[in-house]
Amino acid sequence: MDIAVCRSSCLICMSMVLVLAIFLGFEIISKVPARLHTPLMSGSNAISGIALVGAVMVAGSAESNLNIILGTLAVIFATINVVGGYLVTDRMLGMFKRGKEGGGK
Amino acid sequence: MTIEHLVNLAYIISAVLFVFGLKLLTSQSTARKGNLMSAVGMFIAVVMTLLIKDIIDYKWLIVGVVVGGIIGAFAARLVAMTQMPQMVALFNGFGGMASLLVGWAAYRVMYNFDLFTATTIFIAVLIGGVTFSGSIVAWGKLATVISGRPILFPGQTVLNSILFIGTLVAGGILLMDAPISPVMLLTIILLSLILGVMAVVPIGGADMPVVISLLNSYSGIAGCAAGLAVQNNILIVAGALVGASGIILTNVMCKAMNRSLTNVLFGGFGALTVQQEGGPEGEVKPISAEDAYFILEAADSVVFVPGYGMAVAQAQHAVHELERILEENGTDVKYAIHPVAGRMPGHMNVLLAEADVSYDKLVEMDDINRIIAGVDVCVVIGANDVVNPAARETRGSPIYGMPVINVDKSKTVIVLKRSMAAGFAGIENNLFYKDNTRMLFGDAKSSLAELVAEFKKK
């Protein structure tokens, strides 16, 4: 498999990374308050555009015409996800304001 | 140190930035910085990937990034906050599609069969496909391109089971068949796309918060599997983070509806007309905007309870205007937010933020329920099931046991509602028949505008 240059070559290492990342994700995200759930969702959505990295590896390796098409489509979809996701999250968070008078609970 | 080492070191930095970015999202004041940090992490990961020496053709990469970037930027700028649920659904789907395509391309260059890689490719393609087509259906339901009602037909569960087993069998053949078989992979792609449609079609609009959260999780898992397939650490880490986030949200949403995930996915809630033993007692008491004005004018504390109806009527700005007038009048105003109000997690918070409502006025369900008995007036705006006392009182009700905002325990309730039609779930709302409930019929936005006008008149 030639496109996998960045291979960690070790299944156990990859599984280790996977399991730790899952635990870390659970730990951090369970602390996000309900009012920030939509930005969390669109923000994590942007992160799932990380498939872009895989898409770049596939599209750039120029293995065959079909693969270039698949890779380029993957790059388009993933870029929409990344760019759109981060921008819309930023726009949304920019709207969350605390009133001047405060108010409080 | 080779380029590969350098790239992998950069991935570590990206992963740290993702984690910190998410961590900063736990607080309102740092959330925006967190999002930026996460974006920087993404930028580093993508740019460093370009250094990999196998990448020989940049032409199509640039085309892809430019096209995708323009579409994404325009979508993010133009989308209205009321359309956020659709947008998130669509983006979920794109993430799934990207993973599917990466898996497909990876399979085509797998010259030597390798069981582990083949398995992860199968998972990436299957979950990516389900995420894509499922998200498109969810988008259609949220954008009301297709009916938001659950679509059910006889034998649905059997058909879905057959489809699912068929996909697994195809997967098994793919994994056992040592020579590469593109036809089998195409079959799996096709089956996964059908499976995604079939999975979301029976789920009703009110259950969309669960579905979107779950699809969000899937898009992460698909990315994770694609990462294992192309053996790339940053994909694994980021995918796992998103997968975990989606699962947590799914769980929160299910709890807020007092239903299990299985029940949401296979229940077809809202399609059945529920028969209740004996109707609710009492009678409906409609009032005019002027009557409502007198009630609100005399109140010391008012709590607005928004629901999906507020989003549909685009009434968030009108609510904010009424809030300002009430505060000038010396009334204490809060908003009570139910976790599943609206069509996605946190939907109401975003809409109210758009209308400039200060976020410290927004109170979560448990906090408001503690003090609700002392509240003079609760104004229910386009919310129904989330304020239905049947969840506490009517043992046979489908929503019995669901945590609700106990507006009926406040002194007076004003319900803004279009008509007496039952809520999305088709359940009678006992609240409308309570002694302390008044109904102000009409479009939420114009009702609120009338109230504002009444205040200005006097």
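**View 1. Leu175(B) is found within helix 6 (residues 156-176) of chain B.** Helices here are DSSP runs of H or I with at least four residues, strands are E runs of at least two, and both are numbered from the N terminus. This is a predicted model in which local features need pLDDT of at least 70 and side-chain atom pairs count only at pLDDT 80 or more, while totals for chains, interfaces and linings use all residues. Residues are numbered from 1 along each chain as its sequence is written, and chains are lettered from A and ligands numbered from 1 in the order in which they are written. Leu175(B) has 15 C-beta neighbours inside 10 Å and therefore counts as partly exposed; a residue is buried if 20 or more other C-beta atoms lie within 10 Å of its own, exposed if 12 or fewer, and partly exposed in between, with C-beta atoms placed from the backbone. Leaving aside residues up to four places away in sequence, Leu175(B) touches Leu115(B), Ala118(B), Thr119(B) and Phe122(B), where contact requires C-beta atoms, placed from the backbone, to lie within 7 Å. The C-alpha atoms of Leu175(B) and Phe432(B), which are 257 residues apart along the chain, are separated by 58 Å.

**View 2. Helix 1 (residues 3-24) and helix 9 (residues 233-256) of chain B have axes that come within 9 Å and cross at roughly 10 degrees.** Axes are lines fitted to C-alpha atoms, for helices over the stretch in contact, and angles run from 0 to 180 degrees between N-to-C directions. Helix 1 of chain B and helix 9 of chain B are therefore roughly parallel to each other, given that angles under 35 degrees count as roughly parallel, over 145 as roughly antiparallel, 65 to 115 as roughly perpendicular and the rest as oblique. From helix 1 of chain B, Asn8(B), Tyr11(B), Ser14(B), Ala15(B), Phe18(B) and Leu22(B) meet Asn233(B), Ile234(B), Val237(B), Ala238(B) and Leu241(B) of helix 9 of chain B. The residues of this contact divide into eight nonpolar, three polar and no charged; Ala, Val, Leu, Ile, Met, Phe, Trp, Tyr, Cys and Pro count as nonpolar, Asp, Glu, Lys and Arg as charged, and the others, Gly among them, as polar.

**View 3. Helix 8 (residues 208-229) of chain B and helix 9 of chain B have axes that come within 7 Å and cross at roughly 160 degrees.** That makes helix 8 of chain B roughly antiparallel to helix 9 of chain B. The contact of helix 8 of chain B with helix 9 of chain B comprises 17 nonpolar, eleven polar and no charged residues.

**View 4. Helix 4 (residues 65-95) of chain A and helix 4 (residues 84-108) of chain B have axes that come within 8 Å and cross at roughly 150 degrees.** The two helices are therefore roughly antiparallel to each other, and their contact has 17 nonpolar, six polar and one charged residues. In helix 4 of chain B, 24 of the 25 residues are buried, so this helix is largely enclosed by the rest of the structure.

**View 5. The contact between the chains takes 88 residues from chain A and 103 residues from chain B.** Helix 1 (11-29), helix 2 (37-48), helix 3 (51-60) and helix 4 of chain A each supply at least two residues of the side of chain A that touches chain B, and helix 4 of chain A gives the most, with 29 residues. By class, that side of chain A has 51 nonpolar, 27 polar and ten charged residues.

Definitions and conventions: Two residues are in contact if their C-beta atoms, placed from the backbone, lie within 7 Å.
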